Amino acid sequence: MDGSSLRAVGWARSLPLDSEVKAARDWAREHLESLGWTTSAPETVDAVLLAVSELVTNAHTHAHSAAQLILTWDNSCLHIAVHDDSSELPAPRTPDTERTGGRGLLLVDALADEWEARPCPRGKTVIACFRPPGSVDH
């Protein structure tokens, strides 16, 4: 270790299968307000809320499970992690004009500074990282 310490702030929420995605967005917005982002980085807030919507929707729709939503701010990146019960890792699909869905991960990929999916013993976690404007990439 280099002697520096990492200080993170985090929040977690479980969203049952029958919950509305709006509840996830509203909950996330409250925590973004507590970070001051609604004033200092409104475009990033919009991107974060859209990513939350897409990732929670994917957990409910494709994994047919509750979504465990975790937000963690480490003074460099806001990590949005959504865990579900499916072990199938997501992959962006080619958009199809015949389908109304299938663009969620393409949106997350376009909006987030980076994202990844990790297998877990009981499902998977999809994590997207957002840095506010003007932040330095570490």
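What share of the contacts in the chain with a separation of 6 or more is accounted for by residues 24 or more positions apart? In this predicted model, such residues account for 60% of those contacts.

**Figure 1. The chain contains four helices and five strands.** Along the sequence, these elements follow the pattern β-α-α-α-β-β-α-β-β. The chain has 138 residues, and 40% of them are buried. Its accessible surface comes to about 8,100 Å², with 50% belonging to carbon and sulfur atoms.

**Figure 2. The largest nonpolar core has 30 residues.** Helices and strands both contribute: the elements that give two or more residues to this core are the strands β1 (9-15), β2 (67-73), β3 (78-84) and β5 (123-130) and the helices α1 (21-34), α3 (42-61) and α4 (104-111). The most is given by α3, with nine residues.

**Figure 3. L69 and I80 are the residues with the most contacts inside the largest nonpolar core.** When residues up to four places away in sequence are not counted, L69 touches W11, A12, R13, L15, A24, W27, V52, I80, A81 and V82.

**Figure 4. Helix α3 passes helix α4 in a left-handed crossing.** Residues A47, L50, A51, E54, L55 and N58 of α3 make the contact with G104, L105, L107, V108 and L111 of α4. Two packed helices are described by the angle between their axes and the distance between the axes. Here the axes of α3 and α4 come within 9 Å and cross at roughly 150°. Angles over 145 degrees count as roughly antiparallel, and α3 and α4 are therefore roughly antiparallel to each other.

Note on methods: Residues are numbered from 1 along each chain as its sequence is written. This is a predicted model: local features need pLDDT of at least 70, side-chain atom pairs count only at pLDDT 80 or more; totals for chains, interfaces and linings use all residues. Side-chain values use heavy atoms; hydrogens and water are left out. Buried means under 20% relative accessible area, exposed over 50%, partly exposed in between (1.4 Å probe, protein chains only). Contact means heavy atoms within 4.5 Å. Accessible areas come from the Shrake-Rupley method with a 1.4 Å probe; for residues, only the protein chains shown count as cover. A nonpolar core is a set of buried Ala, Val, Leu, Ile, Met, Phe, Trp, Tyr and Cys residues joined through side-chain atoms within 4.5 Å. Axes are lines fitted to C-alpha atoms, for helices over the stretch in contact, and angles run from 0 to 180 degrees between N-to-C directions. Angles under 35 degrees count as roughly parallel, over 145 as roughly antiparallel, 65 to 115 as roughly perpendicular and the rest as oblique. A crossing is left-handed if the near helix is turned anticlockwise from the far one by less than a right angle, and right-handed if clockwise.
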